[in-house]
Amino acid sequence: SSGINAEYGEDGEVGVIDFNDLILAPRVVDVGHCLAYLMGSQGLNTEVGRCILEGYREVIALTPEEEGILYDIIISRFALSCALGQKHIEEGHANDYVVKCVKDNTVVLTGFLDMGRRTFEREVLGR
């Protein structure tokens, strides 16, 4: 089982809970993780990020301070994933999936760093 639960509404809305990745953190962390993985899986498509954030804003507004740390959350998420995966590789505890994740996440992390905060804020946050 993937640990992901999705609910589909009649009007096309989708609600997703990833039970493999539950943490106690401010709500903005969940938004950042969602942006990280969905944008990352779509070639860093800023339109995907903008749509996610617009949909979230329709339900609950983020404060300017919360929006201001979204890029940092994304970067730290991928950096942590790469570091932990690399540690498992170096210790000889990594399987093929972990090795692939480290490679893939390194590419995505590099892409977000190349994009930069200003582009992210302009194209995703609309600042």
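Reader: Where does Val48 lie?
Author: This is a predicted model: local features need pLDDT of at least 70, side-chain atom pairs count only at pLDDT 80 or more, and totals for chains, interfaces and linings use all residues. Residues are numbered from 1 along each chain as its sequence is written, and side-chain values use heavy atoms, leaving out hydrogens and water. Helices are DSSP runs (H or I, at least four residues; strands are E, at least two), numbered from the N terminus. Val48 lies in helix 2.

Reader: How does Val48 count by relative accessibility?
Author: Buried means under 20% relative accessible area, exposed over 50%, and partly exposed in between (1.4 Å probe, protein chains only). Val48 has 23%, so Val48 counts as partly exposed.

Reader: Which residues does Val48 touch, not counting those up to four places away in sequence?
Author: Contact means heavy atoms within 4.5 Å. Val48 and Leu38 are ten residues apart in sequence, yet 7.4 Å apart in space, C-alpha to C-alpha. Val48 touches Gln42, Met39 and Leu38.

Reader: What is the phi of Leu44 near?
Author: Leu44 sits in the loop between helix 1 and helix 2. Its relative accessible area is 19%, so Leu44 is buried. Most residues other than glycine have a negative phi. Leu44 is not a glycine, but its phi is positive, near 60 degrees.

Reader: How far apart are the end C-alpha atoms of helix 4?
Author: The expected span of a helix is 1.5 Å times one less than its number of residues. Helix 4 has 21 residues, so it should span 30 Å. The model agrees: the end C-alpha atoms are 30 Å apart.

Reader: Where is the kink in helix 5 centred?
Author: Helix 5 (residues 96–125) has 30 residues, and a straight helix would reach 44 Å. Its end C-alpha atoms are only 36 Å apart. The bend at a residue is the angle between axes fitted to the seven residues ending there and the seven starting there. The kink in helix 5 is about 85 degrees, centred on Gly116.

Reader: Which helices do the buried residues of helix 5 pack against?
Author: The buried residues include Val102, Phe112, Gly116 and Phe120. They pack against helix 1 (27–41), helix 2 (46–59), helix 3 (64–68) and helix 4 (70–90).

Reader: Which residues is Phe112 in contact with, leaving aside neighbours within four places in sequence?
Author: Phe112 is a buried residue of helix 5. It is in contact with Leu35, Ala36, Met39, Gly40, Leu44, Tyr71, Ile74, Ile75 and Phe78.

Reader: How many disulfides does a search of the whole structure find?
Author: A disulfide is a pair of cysteine sulfur atoms within 2.5 Å. Cys34 is partly exposed at 31%, and Cys51 is partly exposed at 46%. The number of disulfides found is zero.
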